[in-house]
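Here are my notes on how the two chains meet. Please read them beside the model.

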Amino acid sequence: MAGSEPEGVGRRKFLKEAAAGAAGMAGAAGAAGAAESAPARHDHDHDHQVVPDDIALRVRALESILVEKEMIDPADLDAVVDAYENRIGPRNGAQIVARAWTDPEYRARLLADGTAAIGEFGFLGAQGEHMVVVENTAEIHNLVVCTLCSCYPWPTLGLPPVWYKSAPYRARAVIEPRAVLREFGVDLPDDVEVRVWDSTAEIRYLVLPERPAGTEGLTEEQLAELVTRDSMIGVARVAAPRESAQ
Amino acid sequence: MTGIRNSTHDAIHDMGGMDGMGPIEPEPNEPVFHETWEGRVFALRRVLVPWGLGGNWGSFRFAQERVPAADYLRFSYYERWFTALVDLLRANGVVTDAELASGGVDPEAPRPERRERPPQAPLGFGLLDLDLPARFGVGDAVRARHASPPGHVRLPRYTQGKCGTVVRDNGVYALQDTDERGQQLGDFPQHVYTVRFASRELWGDRGSERDAIYVEMWEDYLEPA
């Protein structure tokens, strides 16, 4: 399992169709590059100014080169983008949270062995291979950060928001978590203990937020609707239905 | 055994506890990717894994950490990823500067070979089913070592020299540290611990009496306190 990325995008067939598609893309990128400043092929000395400044064109040029070298298949890229835009996101984590709120045995399993309990939903995989779940209570508030890069539990929360990856959050969360939380609207009393989890290795964290009061009559599905991404990072509380409707 | 060497490579990415980074600016209803190219860059790393590129997180992170500090702070996340990917591809001879400039393939350029993992680190990434003795146990007092190696290291500067308590043994993992060229040093499988650092131990008076920061530490990063 070491090094595996089990999301079914590693198709390793380089078919004629892919090559044909690649040629089309390479042509398009070449044309774009030519329009910018330089012919698509040249053999004179040059500096890097001929690289289009527009990063979209540079990315497209790189993709077309790798396709033409038969290293990658654009359909595999499409599949990765589609997975993270449409399937792998915080709705996954919300299901975990709602189950933990409604099933005490599941909650116990989740807190004892996050990887196994999240695996019951199938929400493991790249950047979520080894999961630890930390529970927010009236006495303890947990907050997750990655100060060195932007580690984040992709299978349960999807890709991180820009603010999570930003220098201000990464720099401040460990030294002044209470100030950071206040900016997100969470004002903690002094007697609540703040635990900041800096994801420096291969363990990824999911916060189990507190279940809001007044939700006793809701179904698991209705509860999942209340759970936000930010509450599972630890920078927000889950609002009761009346509050969240405002 | 240890991958830690004395040198100076403390780059801007290691920013836990720094001041002056500005406000945190959440974006309501943020899309997964703001531009199409961001998704392509994200996916490119993934599909290059079978070519020994991008799947080695230490090497990929090191390529980002080598982005000059001013650019690192100015670039968006996916600009940094793209810069790192191009750096890796060039360093591994997969693409040439001329190809990147022209957008076309040089028929004379060598074709890379598929390889899942770097030969010097065959164990890869993830929890290993290896039964190795643990140097530390839950409850042990430990100190994070000083380390400024020339390559990638997962030991935040703000913990170095500070004392904490082991609260969890997460099992055995390969070390992901790299040399100064971004090559993984080797597997060096060892226990990874979660260490609790009291806020005041790390930050003095700016810390809080009640709060704590929890950090994962490879065994090589720790010494008894």
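**Notes on the interface of chain B and chain A**

1. Across the interface of chain B and chain A the rule finds five salt bridges (a side-chain nitrogen of Lys or Arg within 4 Å of a carboxyl oxygen of Asp or Glu). One joins B:Arg40 to A:Glu63, with the closest N and O atoms 2.8 Å apart.

2. This is a predicted model: local features need pLDDT of at least 70, side-chain atom pairs count only at pLDDT 80 or more, and totals for chains, interfaces and linings use all residues. Residues are numbered from 1 along each chain as its sequence is written, chains are lettered from A and ligands numbered from 1 in the order in which they are written, and side-chain values use heavy atoms, with hydrogens and water left out.

3. In contact (heavy atoms within 4.5 Å) are 94 residues of chain B and 84 residues of chain A. The two chains bury about 7700 Å² between them, 61% of it on carbon and sulfur atoms. Buried area is the accessible area (1.4 Å probe) lost on being put together, summed over both parts. In chain B, B:Ile24, B:Arg40 and B:Arg46 lose the most area to chain A, together 10% of what that side buries.

4. Strand β3 (residues 193–198) of chain A pairs with β4(B) in the parallel sense, over four bridges. Strands are DSSP runs (E, at least two residues), numbered from the N terminus; two strands pair if DSSP finds at least two bridges between them. Within β4(B), B:Tyr214 is the bridge partner of A:Trp197.
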